[in-house]
Amino acid sequence: MLVAALASTLVIGHSSEGREIRATRVGEVGAPVKVLVVGDVHGNEPAGEAIVAALRKKSVDGVQFWLIRTANPDGRKARSRHNARGVDLNRNFPYRWAKGAKGTYYPGPSAGSEPETKALMRFVRRIRPQLGIYYHQHMGITVRARSVDTEVQRDYARRTGLPLRWLPNYHGTAIGWQNNLIKDGTAFVVELKAGQAPVKTHVDAVIAAARSYGR
Ligand SMILES: [Zn+2]
């Protein structure tokens, strides 16, 4: 296979402490289906990174995967939910953003204020992925997304055994923003269980979801 020759990595931005945020494309440049997979947004929820790493070795006809190991490299370094400025990036996106107190869910001083948020927004606007999967922990569910076709989510839940469930309609989330931007796409969160994820099961589920967009 020519996977290595078909992969390339972009620096899509930098964290507030200057660390690179990288996206790796796997698959043909012109492939019609674009799938974004984000290993983690909260730096203390890293299990999705192993799934992203395994996807780097995959090749699916008609699909370009865009893989971001971590959207929060400073938080990963510090093993913190937040970025280095104490912001919960998954409350900082400028869709239904709301002010909030400092602490666990601090949404930042203003909508889209953080460099990590801006990097992801710029990148999503540029590639416009039809499918986006963002990993979190540790609830062990596939989180039902609002205003999207849930068929792909139902299939993901069935394949992984992580049941499809609603969570409250949080403010300022990455998937809320992405689903509002890309009306004919689907972005959703998978809350992995604590500890390590069953990587192959999730890789197969991501590939099945990608293929369903190629039909
Ligand atoms: Zn999380």
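Which residues have the most contacts inside the largest nonpolar core? They are Val35, Val37, Leu55 and Leu67, in a core of 53 residues. A nonpolar core here is a set of buried Ala, Val, Leu, Ile, Met, Phe, Trp, Tyr and Cys residues joined through C-beta atoms within 7 Å. A residue counts as buried if 20 or more other C-beta atoms lie within 10 Å of its own, as exposed if 12 or fewer do, and as partly exposed in between, with the C-beta atoms placed from the backbone.

This is a predicted model, in which local features need pLDDT of at least 70 and side-chain atom pairs count only at pLDDT 80 or more, while totals for chains, interfaces and linings use all residues. Residues are numbered from 1 along each chain as its sequence is written.

Helices (H or I, at least four residues) and strands (E, at least two) are DSSP runs, numbered from the N terminus, and two strands pair if DSSP finds at least two bridges between them. Strand 1 (residues 8-14) pairs with strand 2 (residues 20-26) in the antiparallel sense over 6 bridges, and Leu10 has Ala23 in strand 2 as its bridge partner. These two strands form a hairpin with 5 residues between them, and Gly18 in the turn has a positive phi of about 90°. Strand 2 also pairs with strand 4 (residues 63-68), again in the antiparallel sense, over 3 bridges; here Val26 has Phe65 in strand 4 as its bridge partner.

Leu55 is one of the buried residues of helix 2, together with Gly48, Glu49, Ile51 and Val52. Seen down the axis of helix 2, these buried residues fall within an arc of 160°, so they line one face of the helix; the arc is that of the directions from the helix axis to the C-beta atoms. Their cover includes strand 2, strand 3, strand 4, strand 5, strand 7 (186-193) and helix 7. Ala54, also in helix 2, is partly exposed because 16 C-beta neighbours lie inside 10 Å, and, leaving aside neighbours within four places in sequence, Ala54 is in contact with Val199 and Val203.

In helix 7, the residues His202, Val203, Ala205, Val206, Ala209 and Ala210 are buried. Seen down the axis of helix 7, the buried residues fall within an arc of 165°, so they too line one face of their helix. What covers them includes strand 3 (33-38), helix 2 (48-55), strand 4, strand 5 and helix 5.

His138 is found in strand 5 (residues 131-143), and the peptide bond from Gln137 to His138 is cis, with omega near 5°. In the loop between helix 4 (115-127) and strand 5 lies Arg128, whose phi is near 45°, a positive value in a residue other than glycine; Arg128 is partly exposed, because 13 other C-beta atoms lie within 10 Å. Ser147 lies in the loop between strand 5 and helix 5 (151-160), and its phi, near 60°, is likewise positive in a residue other than glycine.

Note on methods
Two residues are in contact if their C-beta atoms, placed from the backbone, lie within 7 Å.
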